[in-house]
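Subject: Handover of a structure and notes on it

Dear colleague,

Please find below the structure that I am handing over to you. I would be grateful if you read the notes that follow with the structure open beside them.

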Amino acid sequence: MGKMILCVGGVAEKPYPVPGLDEGVCSVEELCWYIHEHIYTLTPELFDETLAEWLKTECHLPETASQITKLLSSGSGLKELVACLLSSTNYDTKEEQAEVLELLDSCDGKAIGSREKQKADYFLVHGQYHMAARAYKNIISGEKLFTMQETEYGNLLHNYGIALLHISSLWEASVRFLEAYRHNKQETSLKYYLWTLQLSGHTEEFEKAAKTFSLEASKIDSWEEELSYHKQMGREAKELDRINEMKKMKQNGMTLELEKAVEEQLRIWKGDFRRKMATMGDNG
């Protein structure tokens, strides 16, 4: 459920034009939304006397307009202008405003292209995989192309592959990891390439890659052990999530749902036990 926002000022009869939006924005809250969505590509040119006049006449916010004018006259930077605008509304909490200003600090002095990569990386770290994948794709497709070193470009492709792991096929992710390795020569990218081949059942491609990159058997064994460990950690994390969910069901009196969840968990545990016993028998 979204939060309720007490709007200030009025709705503009004449939308204010902003880059990337054909229809412009019609209120100071929409302008705040725009700043959030374009935080990595904002430039000081968004703030000028035209904006101040629009805030005054169209949004009926003379005090905010006056503050913007004073900041422009004193040569204030983008961060101060954004802070002024955000603090004049109820769009953000103080904590959210601080986060926006911190992001602006991290972008300071960087070229637009570098900021685009920073935006994609931010989405990836925060689990917004569809948005991350879209941002990486825009960069490598040329829409946001900028000069990169080979290693940096390879790292971008690697991160794109990580995003694809969560929203697309293992095979598509493997293609990106291979491309990444060809550019950055990082062992991690090669390892992820082989992992995705193995997980997707492309045994022939896996064996071919091992020969192509002259991987020793000990290296492959080490990577396979690491992959097994990560798979086990993933299973345990899912199991913990299920147990926590059952606790919530008990607290909320969801008896029928709880019984079904317990039965399903017992079935999973029994299956795991049988597989372990079968493995022990095979090794004996």
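Predicted model: local features only at pLDDT ≥ 70, side-chain atom pairs only at ≥ 80, totals over all residues.

Residues are numbered from 1 along each chain as its sequence is written, and side-chain values use heavy atoms, with hydrogens and water left out.

The chain as a whole

The chain has 13 helices and 2 strands. Both kinds of element are DSSP runs numbered from the N terminus, with helices (H or I) of at least four residues and strands (E) of at least two. Of the 284 residues of the chain, 36% count as buried. Here, buried means under 20% relative accessible area, exposed means over 50%, and partly exposed lies in between, with a 1.4 Å probe and protein chains only. Among contacts in the chain with a separation of 6 or more, 51% are accounted for by residues 24 or more positions apart; contact means heavy atoms within 4.5 Å.

Helix H1 and its surroundings

In H1, the buried residues are Val28, Glu29, Leu31, Cys32, Tyr34 and Ile35. The buried residues of this helix pack against strand S1 (16–18), strand S2 (21–25), helix H2 (49–57) and H4.

The pair H3 and H4

Helix H3 (residues 62–73) packs with helix H4 (residues 78–87) at an angle of about 170°, and their axes are 10 Å apart. Axes are lines fitted to C-alpha atoms, for helices over the stretch in contact, and angles run from 0 to 180 degrees between N-to-C directions. The angle makes H3 roughly antiparallel to H4, a label used for angles over 145 degrees, whereas under 35 is roughly parallel, 65 to 115 roughly perpendicular and the rest oblique. On the H3 side, the contact is made by Thr64, Gln67, Ile68, Leu71 and Leu72. On the H4 side, Glu80, Leu81, Cys84 and Leu85 take part. By class, this contact has 6 nonpolar, 2 polar and 1 charged residues. Nonpolar covers Ala, Val, Leu, Ile, Met, Phe, Trp, Tyr, Cys and Pro, charged covers Asp, Glu, Lys and Arg, and polar covers the others, Gly among them.

Lys79 lies in helix H4 and counts as partly exposed, at 32% relative accessibility. Not counting residues up to four places away in sequence, Lys79 touches Leu101, Leu104 and Asp105. Lys79 and Thr43 are 36 residues apart in sequence and 9.9 Å apart in space, C-alpha to C-alpha.

Leu104 has its place in helix H5 and is buried, at 8% relative accessibility. Leaving aside neighbours within four places in sequence, Leu104 is in contact with Ile39, Leu42, Leu78, Lys79 and Val82. Leu104 and Lys79 are 25 residues apart in sequence, and 6.5 Å separates them in space, C-alpha to C-alpha.

Gln97 is also placed in helix H5. Gln97 is buried, with a relative accessible area of 15%. Leu86, Ser87 and Asp92 are touched by Gln97, not counting residues up to four places away in sequence.

Two loop residues

His60 is found in the loop between H2 and H3. His60 has a positive phi of about 60° although it is not a glycine, and is exposed, with a relative accessible area of 54%. Ser214 sits in the loop between helix H11 (203–212) and helix H12 (217–251). Ser214 is not a glycine either, yet has a positive phi of about 50°; Ser214 is exposed, at 61% relative accessible area.

The largest pocket

The largest pocket has a volume of about 720 Å³. On a 1 Å grid over the protein atoms alone, a pocket is an open set of points where a 1.4 Å probe fits, with protein on both sides within 12 Å along at least five of seven lines; lining residues have an atom within 4 Å of a point. Grid points are joined across faces, edges and corners, and a volume is the space filled by probe spheres set on the points.

The largest pocket is lined by 26 residues, of which His36, Glu37, His38, Phe123 and Met131 lie nearest its centre. Helix H1 (28–37), helix H5 (94–107), helix H6 (112–125) and helix H7 (129–140) are the elements that give two or more residues to this lining. H6 gives the most, with 5 residues. The lining residues divide into 12 nonpolar, 6 polar and 8 charged.

Yours sincerely
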